[in-house]
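Below is a short walk through one structure, taken part by part. Keep the sequence and the 3D view at hand while reading.

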Amino acid sequence: MTNWGLIVLGLFALEAGSASAKPDCAVLKSAFTEQIVPRIKTGVPFELMYLGSEGDALLCRQTIHLTYDLWDEKVSLNRGATQLGKFPLPQTLTALCGHLMCEPSETPRGRYRARVLLNPLWEGRLARFQDSSGSGLVTINWRKLASTLPSEKLLLDVEVVP
Amino acid sequence: MTLKVWAKLIIALALVTLPLIVSNHILQRQSLDLLNRVHGSGGVAPILDDHLNLLKETARREPSRTAQLHSKFQKTLDAKIALDDLSTVQGSIAKEITSQSLKITLTVLAIALFLSLFLSKNIVATFSWLHRQNQVQASRLQTLSAIESWQKLARMLVHELRAPLTPLKLVAGDLDEKYRTLPPKQFESYLQEGSQLMSEQIASVEAMVESFLKFAKLPEVTKRPTHLREFLEQFADRYRDHSANLSLTVAAVDETVSLDPELCTHLIFNLMRNALEANGERPLTFTVTADQTSSLCHITIANNGRPIPEDICARIFDPYVTSSGPTNLGLGLTICKKIALDHGGDLWLKSNDEVHGIAFQFDLPKGETREA
């Protein structure tokens with residue numbers, strides 16, 4: 001589904017009468033089924049980033065790291081070192097919406113833009129490659145490398161009416 | 001620095017940098033290819049996936065081994081994730097390597113440039129210092145040499161003047177006493193002898209003064225185009241009968257050179273006269289030959305006389321150096337050398353090993369035939 005399609009779907013969902021400042025979880029369902037689930041099943045952890053913005057101003061920002069335990073087939077949702085929960089794949093979408101989509105701290109004046117981005121890597125994960133001895137003449141700064149990596153995909157881009 | 005120097009510098013930097021950039025690019029390509037082969041569809045990743053499934057299946061069938069298999073499963077999964085991570089960042093790693101190697105190359109070049117500039121500055125400073133020291137030393141040596149020459153001249157003058165002065169002093173001192181004590185006839189005879197002695201000594205002093213005058217007042221060189229063979233043949237015609245014990249032959253090239261005929265005649269004749277004086281009554285055969293190279297004409301003045309003692313050879317052109325007795329002041333060869341140098345050429349004594357007898361070579365520059 002294209003981004004425009006997602007936007008339309010998002011607007012439709014919002015028109016359905018949600019009073020919350022957060023977008024409805026249904027807007028993420030399609031992206032979850034088609035793009036997030038196959039990604040989860042590879043077993044390689046990744047990051048989802050939620051951004052709420054009004055014009056150039058960032059209203060809220062939330063990141064969740066998803067790790068799929070291929071052994072017991074449960075998805076682990078983490079924020080930094082904190083584990084938010086472990087869920088079977090069918091219940092993951094609801095849990096993800098709850099933890100990922102944040103409410104803007106400042107009340108937006110009108111509609112604001114909500115985006116979900118898929119990042120293959122994050123700073124903390126690549127840090128395990130960092131040479132702790134630091135004795136080499138040429139060393140790769142893995143943290144810096146991760147921070148400069150572009151997002152792989154835009155999974156959701158909707159306008160939210162609080 | 002001039003534009004040419006900058007251009008050379010840039011070319012040198014390019015020559016140093018280009019192989020680094022190319023080798024860096026090749027290494028990057030090779031390392032990325034290797035990563036792709038490992039991670040690609042036909043590579044390790046599908047094998048790891050199969051392995052993970054197999055471990056999980058085995059654990060289901062054999063619950064007793066679950067802990068052991070789970071540990072292996074985690075390790076395999078870690079490897080798979082690490083491989084995936086590296087694959088994701090491979091483009092960024094390539095960029096990082098390029099950026100770092102470029103930084104290193106530029107740093108090395110900057111250091112090399114700084115060092116070369118610093119060192120060249122120091123070398124130039126050292127050479128300047130050495131040059132200054134050299135000039136100071138040269139000036140000191142020149143002063144010392146001048147003082148030494150004056151001392152030598154003073155010693156020479158004292159020696160030369162003392163010889164005629166002594167008999168003059170004796171004659172003059174005795175004159176009064178002889179006048180009072182001797183009878184008129186004997187006094188007349190004494191006066192005649194004394195007068196003759198005084199005349200001889202005065203002539204000796206005059207000859208010495210004449211020599212010094214020649215040395216002090218050497219005429220300026222006035223060069224004009226002169227045909228060398230004709231010049232030497234005229235010289236031979238003029239001086240062939242100069243002495244009974246002299247035999248003179250000339251062989252020269254047909255070349256026109258710029259020279260002062262009067263001074264060059266003086267030079268060659270002086271060399272000839274020196275040889276005649278040094279060899280006494282011994283008959284001498286002189287050969288004056290002239291040949292040429294691309295830039296010089298060589299006039300060789302040779303004779304079959306006694307060789308010059310080795311200790312004199314090294315300083316033969318110095319003033320007051322002579323081997324022909326006390327009557328010679330030893331200024332002739334110095335004058336000859338000066339004439340040769342004034343012609344832009346040189347005069348030198350050939351080694352005793354090279355010739356039978358004595359041979360001087362007078363080198364004259366070619367190609368300068370306009371009248372001076």
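**A sheet, its helices and a chain contact**

In this predicted model, chain B holds an open sheet of five strands, ordered 2-4-5-7-6, with mixed pairing. Strand 2 (246-251) and strand 6 (346-349) of chain B are the edge strands; each has a single partner strand, so one side of each has no neighbour in the sheet. Direction ignored, neighbouring strands of this sheet are turned against each other by 15 degrees on average.

Within the sheet, strand 4 (residues 284-292) and strand 5 (residues 296-303) of chain B run antiparallel and are joined by seven bridges. B:Thr289 has B:Thr300, in strand 5 of chain B, as its bridge partner.

Two helices of chain B can be followed onto the sheet. Helix 5 (residues 228-239) of chain B packs on the sheet and touches strand 2, strand 4 and strand 5 of chain B, its direction making about 170 degrees with that of strand 2 of chain B. Helix 8 (residues 332-342) of chain B also packs on the sheet, where it touches strand 6 and strand 7 (358-365) of chain B; its direction makes about 140 degrees with that of strand 6 of chain B.

Next comes the contact between the chains. Chain B gives 16 residues to this contact and chain A gives 14 residues. On the chain B side, helix 2 (44-61) and helix 3 each supply at least two residues, and the largest share, 14 residues, comes from helix 3 of chain B. By type, the chain B side divides into seven nonpolar, four polar and five charged residues.

Helix 3 (residues 66-181) of chain B is also the place of B:Asp84. B:Asp84 counts as buried because it has 20 C-beta neighbours inside 10 Å. B:Ala45 is 39 residues from B:Asp84 in sequence, and their C-alpha atoms are 8.4 Å apart.

Technical notes
Residues are numbered from 1 along each chain as its sequence is written. Chains are lettered from A and ligands numbered from 1 in the order in which they are written. This is a predicted model: local features need pLDDT of at least 70, side-chain atom pairs count only at pLDDT 80 or more; totals for chains, interfaces and linings use all residues. Helices (H or I, at least four residues) and strands (E, at least two) are DSSP runs, numbered from the N terminus. A residue is buried if 20 or more other C-beta atoms lie within 10 Å of its own, exposed if 12 or fewer, and partly exposed in between; C-beta atoms are placed from the backbone. Two residues are in contact if their C-beta atoms, placed from the backbone, lie within 7 Å. Ala, Val, Leu, Ile, Met, Phe, Trp, Tyr, Cys and Pro count as nonpolar, Asp, Glu, Lys and Arg as charged, and the others, Gly among them, as polar. Two strands pair if DSSP finds at least two bridges between them. Axes are lines fitted to C-alpha atoms, for helices over the stretch in contact, and angles run from 0 to 180 degrees between N-to-C directions.
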